[in-house]
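I opened the notebook to look up how two chains meet.

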Amino acid sequence: MSLLELKNVYKIYGELHALDNVNFTVEKGEWVSIMGPSGSGKSTMMNIIGCMDKPSKGEVLLDGVDIAKESAKNLTAIRRDKIGLIFQQFHLVNYLTAVENVMLAQYYHSMPDEKEALEALERVGLAGRAKHLPSQLSGGEQQRVCVARALINTPEIILADEPTGNLDEKNEEIVVDLFHKLHDEGTTLIVVTHDPEVAEVAQRRIVLRDGKITKSVVNENFTGKIRFS
Amino acid sequence: MKKRQMFLRMITASLMRRRSRMLVALLSIAIGATILSGLVTIYYDVPRQMGAQFRSYGANMIFVPADTAFTEQDVRQGAAVIQAADLVGIAPYRYENVRINGIPVVAAGTDMQGAQAASPYWHVDGAWPAKDGELMVGAKVAESFRLKVGGEIELSYTPETRTQEELKTVQDQTCTYQITGILDTGGSEEEYVYMSLPDLAKLTVDDGKVDVAELSVSGGAEQLEKYIEQINAAVPAVTARTVKRVTASETTVLTKLQALVLLVTIVVLALTMICVATTMTAVVAERRREIGLRKAIGASDKSIVGEFLGENLLLGLLGGIIGSLLGFIFAQQVSIHVFSSSISFRLWIVPVTILVSIAVTGLASLLPIRSATEVDPALVLKGE
């Protein structure tokens, strides 16, 4: 059974078909990138996969559960337990330190553990910046805190929405390297991006246009240890 | 780390690290709490303060004889029922008809210190009689007989019990007194001559009789009625009564003043609620992304409500503590400037102010917090 399966998914706003009969699957441990121009339906798909929105029609099976039929309360629980989110704007709580931001995800999931949160920050190379507020961190550092927060509860899927959209080249490289590490450890990654360089390092690349999947390309060169270049 | 510890860490971090934002909310709560605490302090102190003010308008209780007359001993016994702190002044009066140059005048024997305390509005030109042989005369008497301060006056007295035969043969009692002051009240008191009870007893050769006693007692109408009930039960020779003119107006003014203070307090609480609700609405609007983020990473509506309510209740607690202290200073200043006396600190007002402050903040936050739960994470976290 696939970890994620979208079957005949539509998202319709009046006359507009933001998603138009989308079908695709993601296997456990797979790294998939979803790309496309603005208005292609990337964000809509990200919201549906991230349990923040429901399709107008179709099935979205996550671990065998059709999340399209779940209540808002259950969707919150699914997000908390199975999904780690990474955002383009980082979305860190500005009055909490880096370690507290990571602990926030633990707080809603189970039990906050400062030691574990510090270890997560260490994994993203930010052990020395744990007590800093987001305003004291660079964009790249903030995104790494966001990654640490996403992975702290060992989710089934890490869903990243334009994770490198606000980063310079150096920080982009650091974040993509982190994705490689996470993938090597068996984490399933879905990265929504309009950046071809970021999309191309994934195992599989899905291209969206006008709400439809126009292309699904497998990266033949993907070895599992591929470096961003 | 326990969840509760993290919860406290988050809400204190929110208050401490977002100081400028939260200061506005805290300020509105603290101002509301200050006025609440100050007005409640004044509300409960007004009867005492106004009671003291009213006492300058004279006696509010009188003793009259249950039968024909009573004695100074009865007056003392009646006065003993009243708590010393409440008894502002007591003046027993004995009235006798005397003559000045053959013209009848009413002489009042009293305890000068007591009369001074019970009737502080009496204006004396000169001085109050301080020793035997001294008296003061009412302004009208002084005018009729052209009497002056420092002059002497001879009073004569004829006992009512004398027969026609005795009146012809026995001479009147006469005594000479020095005038120390002229009494100016604007009332009937100006038609009397005032001397000490022993001097009047000496003139009339009759000791211990009292016709009426005037008392100035602090405390509300209810307290006064209680004292009257106790005195009437304890001293059979005396009938105690309130001076309705004084007590009724005192009660009316106090009731109106307290109602006014209560009304202002309610208005201030309502304004505080509006102010806090507005500030909280602005805070929620400003933190929509944070709320969206929290929901996106798994916060339930209950958690969001708990966190915002926790922050607001902590603000209410801080505002209440600040307000209860500032409120006392505010009440103290009002008391000093309006009533010219200091106010007593009522400890119970502190927890009440804190609790009301927390409750008002909680209530005012309900709608803004509810709107926080309606934040759609997909909308507020949308990429740019």
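**Interface of chains A and B**

I began with polar contacts: 13 residue pairs make them across the interface of chain A and chain B, both residues at pLDDT 80 or more. The rule asks for N or O atoms within 3.5 Å, one able to donate a hydrogen and the other to accept it; residues adjacent in sequence count only if both atoms are side-chain atoms.

On the chain A side, helix 2 (72-82) and helix 3 (98-109) each give two or more residues. Helix 3 of chain A has the largest share, 7 residues. Helices are DSSP runs of H or I, at least four residues, and strands are runs of E, at least two, numbered from the N terminus.

The model is predicted: local features need pLDDT of at least 70, side-chain atom pairs need 80 or more, and totals for chains, interfaces and linings use all residues. Residues are numbered from 1 along each chain as written, chains are lettered from A and ligands numbered from 1 in written order, and side-chain values use heavy atoms, without hydrogens and water.

Next I looked up salt bridges (Lys or Arg side-chain nitrogen within 4 Å of an Asp or Glu carboxyl oxygen). I found 3 between chain A and chain B. B:R9 and A:E100 form one, at 2.8 Å, N to O.

I then checked contacts (heavy atoms within 4.5 Å). Here 28 residues of chain A touch 32 of chain B.

Buried area came last (accessible area lost on being put together, 1.4 Å probe, summed over both parts). I noted about 2,700 Å², 60% of it from carbon and sulfur atoms. A:Y95, A:Y107 and A:Y108 lose the most area in chain A, together 30% of what that side buries.

Notes
Buried area is the accessible area (1.4 Å probe) that two parts lose on being put together, summed over both.
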